[in-house]
Amino acid sequence: MNFNENHQRQIQPLGDMPPEEFRRYGHELIDWIADYLDNIESMPVLSNVKPGDIKNNLPQNPPAEPQPMDKVFEDIDKIILPGITHWNHPNFMAYFNSTSSGPGILAELLSASFNVNGMLWKTSPASTELEQVTLNWFRQMVGLSKNFWGIIYDTASVSSMHAIAAAREQLADYNSRLKGLAGRNDIKRLRLYASEQAHSSIDKGAITLGVGLEGIRKIPVDNEFRMIPSALKDAIEDDKKNGWLPFCVVATVGTTSTTSIDPVDEIAEICLKENIWLHVDAAHGGIAAIVPEMRHIFKGVEKADSIVINPHKWMFTPVDLSVFFTKKPKVLKQAFSLVVEYLKTSEDSVVENYMDYGIQLGRRFRSLKLWFIIRYFGVEGIAARIREHLRLGKLFSSWVDEHPSFERMAPVPFSTTCFRAHPAGTDDEASLNSLNEKLMSNVNSTGKVFLTHTKLNGKFVIRLVVSGLRTEEKHVEIAWELLKNELEKLID
Ligand code: PLP
């Protein structure tokens with residue numbers, strides 16, 4: 001950053017930064033952000049600092065005296081930037097990417113400026129009502145019916161935890177809200193079902209809510225990594241015979257390792273028959289339902305009790321923003337509402353107070369981000385970008401399929417390809433695992449691309465995810481060329 005203008009700063013003994021100073025630094029910071037995003041490709045996508053490098057460059061004690069903002073800005077360039085892994089980089093193809101966008105960044109700035117706490121309607125009517133409006137828009141965008149009511153939480157992990165809590169709350173006679181779970185011999189142990197490929201956040205939700213890891217039964221998957229409904233049915237039967245109480249099933253639309261899609265329609269039928277809460281984790285994949293020709297991924301979702309979709313994964317929304325929809329908001333409210341005297345308002349009977357639907361009291365004005373992004377890009381603009389990612393994902397997987405030294409390890413229902421190098425003559429699994437681990441590490445060390453891995457049936461598999469706002473065909477080509485070149489060097 002270049003903040004060398006010789007402005008004499010007036011140090012205020014009390015109060016905030018004066019408006020003129022705020023305006024100047026604000027403009028400079030916005031310019032810096034615009035340049036940063038414009039030049040992002042010139043930076044290594046993966047930070048290559050060593051553990052402790054950032055900390056060791058910063059004083060261990062806070063400054064007693066005011067410091068010039070210019071110096072703070074200088075340290076962003078000198079100390080912070082080298083320690084940034086650039087999630088906005090077009091060659092960030094690791095995990096499930098979340099990229100921010102211009103409108104998302106501006107909305108975040110505005111949200112911090114208002115700094116409202118949307119715990120109650122009264123504490124900022126616009127926060128509650130904009131959340132209601134944008135979630136109604138978003139619900140239509142992904143093709144869900146009006147039966148679904150929505151709320152914004154921070155992450156999918158927290159959304160799913162609330163789903164599991166609601167599932168527990170709807171159990172007749174359980175009354176865990178009042179009595180808790182510990183030390184009781186009047187209730188059966190709870191059992192939650194999710195596929196072997198479900199995200200670890202489901203396990204964490206079960207840990208948090210007293211279900212425990214023993215209370216989770218992992219259902220096997222087929223050769224395309226989808227939950228096997230007949231195995232779910234058998235597991236429920238078996239558990240009922242053995243004194244467990246089946247209470248919640250989590251199906252995934254877009255699993256983390258391979259983006260497989262559980263057969264939600266069949267799973268929903270089992271849940272309806274058994275009166276079990278069905279939660280759908282569509283944290284990443286659900287965004288693809290904005291593309292009309294991808295709506296099939298939600299087959300059966302209408303029969304679910306709840307679903308989570310993360311705009312902060314694939315809809316260009318700065319972290320964090322996770323959307324939770326449920327058909328049973330009353331159950332969720334019953335689980336969490338606790339209105340103490342100092343939080344009562346005269347409007348309570350006619351408005352929605354979002355604090356009633358979750359663990360947190362205070363809540364950020366996150367819907368501004370959805371509002372800015374949906375309005376700036378338009379639904380068709382968002383769909384066009386996701387459609388392009390789907391095309392690029394398929395293109396990359398076709399290159400893998402055609403190459404004699406690479407193999408695809410899972411179907412590609414979205415834009416994520418799971419693959420590995422498999423050169424002719426190397427068939428020993430342990431050697432293939434170490435070859436692929438080395439290949440990924442060498443590719444990442446170039447700083448040009450960032451890829452991560454998973455393991456499928458014990459095999460080390462590289463994942464390439466196309467979901468970044470700035471990713472174009474040329475970036476996917478860079479990744480592919482690097483993979484081929486680095487493999488050649490390894491097997492030479
Ligand atoms: N569910 C799935 C399928 C995921 O892939 C992830 C993260 O990648 C999560 C949940 C957790 O998301 P969050 O970081 O928003 O908690």
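This is a predicted model: local features need pLDDT of at least 70, side-chain atom pairs count only at pLDDT 80 or more; totals for chains, interfaces and linings use all residues.
A residue counts as partly exposed when its relative accessible area lies between the buried class, under 20%, and the exposed class, over 50%. With a relative accessible area of 47%, Phe 114 is therefore partly exposed, and this residue has its place in helix H4.

**The ligand and its shell**

- The ligand has 13 residues around it, and those that come nearest are Ala 156, Ser 157, Thr 256, Asp 281 and Asn 310.
- Sorted by class, the shell around the ligand is made up of eight polar, three nonpolar and two charged residues.
- Two helices, H6 (156–169) and H11 (311–314), each contribute at least two residues to the shell around the ligand.
- The space that the ligand takes up is the second largest pocket.

- Asp 281 places a polar side-chain atom 2.7 Å from a nitrogen atom of the ligand, while a polar backbone atom of Ala 156 is 2.8 Å from an oxygen atom of the ligand.
- In the case of His 312, an N or O atom of the side chain is 3.2 Å from an oxygen atom of the ligand.
- Taken on its own, the ligand has 400 Å² of accessible area, and the protein covers 86% of that area.

**Backbone features in loops**

- The peptide bond that joins Val 319 and Asp 320 is cis, with an omega of about 15 degrees, and Asp 320 has its place in the loop between H11 and strand E7 (322–326).
- Tyr 95, although it is not a glycine, has a positive phi of about 40 degrees; this residue is found in the loop between helix H3 (69–80) and helix H4 (102–114).
- The relative accessible area of Tyr 95 is 44%, so this residue is classed as partly exposed.
- Asn 175 is likewise not a glycine and has a positive phi, here of about 50 degrees, and its place is in the loop between H6 and helix H7 (176–179).
- Because its relative accessible area is 38%, Asn 175 counts as partly exposed.

**Partly exposed residues in a helix and a strand**

- From Phe 114 to Thr 446 the separation is 332 residues in sequence and 42 Å in space, taken from C-alpha to C-alpha.
- Arg 408 belongs to strand E8, which comprises residues 406–408, and its relative accessibility of 33% is the reason why this residue counts as partly exposed.
- Between Arg 408 and Asp 281 there are 127 residues of separation in sequence and 25 Å in space, C-alpha to C-alpha; Asp 281 is also one of the residues that come nearest to the ligand.

**Buried residues**

- Ser 337 is found in the loop between helix H12 (329–336) and helix H13 (367–402), and because its relative accessibility is 18%, this residue counts as buried.
- Ser 337 and Tyr 357 are 20 residues apart in sequence, and their C-alpha atoms are 6.4 Å apart in space.
- Ser 201 lies in helix H8, which spans residues 200–208, and with a relative accessible area of 5% this residue is therefore buried.
- Ser 201 and Ser 397 are separated by 196 residues in sequence, and the C-alpha to C-alpha distance between them is 28 Å.

Key:
Residues are numbered from 1 along each chain as its sequence is written. Side-chain values use heavy atoms; hydrogens and water are left out. A residue is near a molecule or strand if one of its heavy atoms lies within 4 Å of it. A polar contact is a pair of N or O atoms within 3.5 Å; within protein, one must be able to donate a hydrogen and the other to accept it, and residues adjacent in sequence count only if both atoms are side-chain atoms. Accessible areas come from the Shrake-Rupley method with a 1.4 Å probe; for residues, only the protein chains shown count as cover. On a 1 Å grid over the protein atoms alone, a cavity is a set of points where a 1.4 Å probe fits but cannot get out, and a pocket is an open set with protein on both sides within 12 Å along at least five of seven lines; lining residues have an atom within 4 Å of a point. A molecule sits in a cavity or pocket if more than half of its atoms lie within 2 Å of its grid points. Helices (H or I, at least four residues) and strands (E, at least two) are DSSP runs, numbered from the N terminus. Ala, Val, Leu, Ile, Met, Phe, Trp, Tyr, Cys and Pro count as nonpolar, Asp, Glu, Lys and Arg as charged, and the others, Gly among them, as polar. Buried means under 20% relative accessible area, exposed over 50%, partly exposed in between (1.4 Å probe, protein chains only).
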